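Biologist: I would like to learn how to read helix packing from a model. Please take me through one case.

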Amino acid sequence: IRLELSLRFIKSPFMEKRIRGLNELNGIIELVETRDLRIYPRQNARKLHWMAPDYLSTWLNEKSIISTLLQDNYHVEIIKRCDSIFKFLAGQKSLGEPDLVLLWSSALNKHEADIKAVYDTIIRVSEKLNEGEIDILFDRIEGIPLGNYDETR
């Protein structure tokens, strides 16, 4: 129920609800990753004890969470809060090339704040990426003309 509720919020046209859904999803990811439910209130432990990491990564991919979050009208605050999803999927070996390309593409022809948020997300997520995933991003970085580099790039 919590996953479906977070998905409904993420798909909302209202930024406040989208951020609330993303925060809820990040909380679920944290619970699943730590698996130490003793540090959380008992009601959370009862609701999430069944959720395995592979179930969550499959759900995230089936529901196209990354493409939903990074659609054309995304807000910079969404980018700033979505790195835990990328890290989780990378750790589960469920992050695909289309997800990375979409993250990279979300910075193209955008305002400096958006570009910086995407680059910061890439930096934070890179610790979880395998060599092939890093190569995908490196190829994109190499494609930036030298004249386009400034403080944000």
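Biologist: How close do the axes of helix α2 and helix α7 come, and at roughly what angle do they cross?

Modeller: Two packed helices are described by the angle between their axes and the distance between the axes. Note that this is a predicted model. Here helix α2, residues 15-34, and helix α7, residues 83-91, have axes that come within 9 Å and cross at roughly 35°. The crossing of α2 past α7 is left-handed.

Biologist: Which residues of α2 and α7 make the contact?

Modeller: On the α2 side they are Leu22, Leu25, Asn26, Ile29, Val32 and Glu33, and α7 brings Ser84, Ile85 and Phe88. Sorted by class, the contact of α2 with α7 has six nonpolar residues, two polar and one charged.

Biologist: At what angle do α2 and helix α4 pack, and how far apart are their axes?

Modeller: The angle is about 155° and the axes are 10 Å apart, with α4 covering residues 53-62. An angle over 145 degrees counts as roughly antiparallel, so α2 is roughly antiparallel to α4. The crossing of α2 past α4 is left-handed.

Biologist: Which residues of α2 meet which residues of α4?

Modeller: From α2 come Leu25, Ile28, Ile29 and Val32; from α4 come Pro53, Leu56, Trp59 and Leu60. By class, the contact of α2 with α4 has eight nonpolar residues, no polar ones and no charged ones. Leu25, Ile29 and Val32 are listed in the contact with α7 and in the contact with α4.

Biologist: Take Ile28 in that list. Is Ile28 buried or exposed?

Modeller: The cut-off for buried is under 20% relative accessible area. Ile28, which sits in helix α2, has a relative accessible area of 0%, so Ile28 is buried.

Biologist: Now the chain as a whole. How many helices and strands are there in the chain?

Modeller: The chain has 10 helices and zero strands. Of its 153 residues, 42% count as buried.

Biologist: What share of the contacts in the chain with a separation of 6 or more comes from residues 24 or more positions apart?

Modeller: That share is 67%.

How values were computed. Residues numbered from 1 in each chain as written. Predicted model: local features only at pLDDT ≥ 70, side-chain atom pairs only at ≥ 80, totals over all residues. Heavy atoms only, no water. Helix = DSSP H or I, 4+ residues; strand = E, 2+ residues; numbered from the N terminus. Buried < 20%, exposed > 50% of the residue type's maximum accessible area, 1.4 Å probe, protein only. Contact = heavy atoms within 4.5 Å. Axes fitted to C-alpha atoms, helices over the stretch in contact; angles between N-to-C directions. Left-handed = near helix turned anticlockwise from the far one by under 90°. Nonpolar A, V, L, I, M, F, W, Y, C, P; charged D, E, K, R; others polar. Parallel < 35°, antiparallel > 145°, perpendicular 65-115°, else oblique.
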